[in-house]
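Hello,

Here is the structure I promised to pass on. My notes follow below it.

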Amino acid sequence: MGVKGIKIEGHAAATDPSFLDLVAQEGGENLLACYQCQKCSAGCPVAYAMDILPNQVIRMVQFGLRERVLTSNTIWICASCYTCSVRCPNDIDIAKTMDVLRHIALKSGVKLAERDIPIFHSVFLDSIKSKGRIHELGLIWQYKAKTRDFMKDAALGWKMFRKGKIKLLPSKFGGGKEIRGIFSRYGKGK
Amino acid sequence: MKEFSYYPGCSLDGTAREYDESIRGVCEILEVQLRELDDWTCCGASSAHCTDGHLAIELALRNLALAEKGGGELLVPCVACYSRFKVAEKEIREHAEEWETAYQGKVRIRYALDFFCEDSLIDLVREKVVTPLSGLKVACYYGCLSVRPPDITRVKDYEDPEHMDRLMGILGAEPLPWSYKTDCCGASLVMTRTDIVRKLSHGLLDMAREAEADCLVTGCTMCQSNLDTRQEEIGKEFGKKYDLPVFYFTELMGLAMGHRDVKRWFARHLTDPMRLLSAKGLMK
């Protein structure tokens with residue numbers, strides 16, 4: 001089978017040796033340069049909410065622990081603040097690597113650890129695809145329709161509406177054809 | 001009069017309206033002419049780069065190609081849009097052959113904060129100050145993407161930036177030293193993991209208060225929104241009470257330079273800045 005089993009967290013985990021190459025190639029980062037100084041995790045503002053830490057993600061990618069990495073909540077919780085990337089002594093762009101892992105996770109159809117974050121991104125992109133721009137109120141409604149959480153932030157939304165921060169109707173403009181062209185190429189990947 | 005292409009981006013048409021209004025206001029005083037890009041589309045923001053690398057670059061490139069047709073320089077107020085444009089610019093610089101695009105990499109992309117902090121403009125700002133913001137203690141909050149990653153932003157002191165502090169000093173305000181200038185507020189997780197945004201924003205509000213700031217100043221639409229609109233909710237969760245106005249730097253520029261519309265901008269804030277500004281004698 002070409003798949004070796006190693007023990008991790010008390011479970012036998014399948015390894016996929018090609019995973020490291022895939023992630024490194026997609027992101028253009030030299031992930032083998034990581035020597036586990038853990039600076040990325042020490043400075044990460046959202047590490048407390050992650051199930052595996054950024055340095056562990058890099059280690060697991062090196063080991064080919066594909067499934068464990070792609071089903072982690074870490075890749076979705078990462079806020080793309082780039083603190084890790086600028087502090088890495090080995091110049092690994094960890095935030096960019098998180099992007100790559102998200103792309104692979106979405107394509108591979110694994111069960112994602114976070115439900116709402118990927119839903120939000122997909123609704124956001126649908127909104128660009130159909131209107132070219134984000135109409136915030138429309139985006140929020142579509143997101144709520146998908147997550148069935150209608151009451152969240154309702155009071156705040158009302159306050160913002162009264163302050164003139166909520167636009168009821170989207171602005172009008174063209175650009176649609178080009179945007180549809182871009183979305184038709186979407187998925188070619190890079 | 002200098003002329004620039006202007007890409008407001010989606011939030012400036014909604015939740016960040018006062019940022020758009022104050023930028024336009026300040027540019028009017030400084031005689032900088034803005035030409036909004038015709039037919040601009042969303043830069044793709046966080047969702048595109050989290051989903052597909054190719055899509056993220058293409059959505060940004062479309063706008064850069066539009067700006068290139070207009071010629072010259074592009075002013076971008078939203079730091080998320082700015083970051084996406086700069087990433088696309090880098091991609092074209094390094095791998096032009098891989099992209100079918102009209103964009104040739106000729107647009108000078110300027111983030112509004114960097115633009116107003118430049119020597120040539122800052123001298124003009126100094127001349128135009130009519131109401132120095134004396135006694136106003138501000139914590140300059142740069143957030144993430146205005147400084148990171150530095151190979152994109154070209155900000156040298158990205159761990160402890162000073163440019164917004166210098167600008168605030170020129171407006172007559174007192175910028176305070178504090179350690180959270182470039183910490184993350186949770187950004188776009190606000191819709192999905194609001195708990196994370198509350199926790200991070202709580203830390204920022206606490207540290208600004210510990211530094212004895214009267215208010216926070218930012219140039220990021222997500223930072224402003226997260227910190228301004230949720231103070232009551234954060235206070236409830238952590239058993240505290242906050243009343244720290246969060247300004248766009250352009251609003252304070254407008255105030256110091258005597259723009260007629262400042263009241264309208266401030267009226268859009270959820271954490272009302274009027275009480276603070278009246279107490280400091282800066283607003284009637």
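In chain A, 62% of the contacts between residues at least 6 apart in sequence join residues at least 24 apart. Two residues are in contact if their C-beta atoms, placed from the backbone, lie within 7 Å.

This is a predicted model: local features need pLDDT of at least 70, side-chain atom pairs count only at pLDDT 80 or more, and totals for chains, interfaces and linings use all residues. Residues are numbered from 1 along each chain as its sequence is written, while chains are lettered from A and ligands numbered from 1 in the order in which they are written.

Chain A holds eleven helices and two strands. These are DSSP runs, numbered from the N terminus: helices are H or I with at least four residues, strands E with at least two. The pattern along the sequence is β-β-α-α-α-α-α-α-α-α-α-α-α. The C-alpha trace spans about 55 × 35 × 30 Å along its principal axes.

Now the contact. Chain A brings 46 residues and chain B 40 residues. On the chain A side, α8(A) gives the most, with seven residues.

Chain B has an open sheet of four strands, ordered β2-β1-β3-β4, with parallel pairing. Strands pair if DSSP finds at least two bridges between them. At the edges are β2 (32–36) and β4 (108–111) of chain B, each pairing on one side only. Strand β3 (residues 73–76) of chain B runs parallel to β4(B), joined by four bridges. There, V76(B) stands opposite Y111(B) in β4(B).

Best wishes
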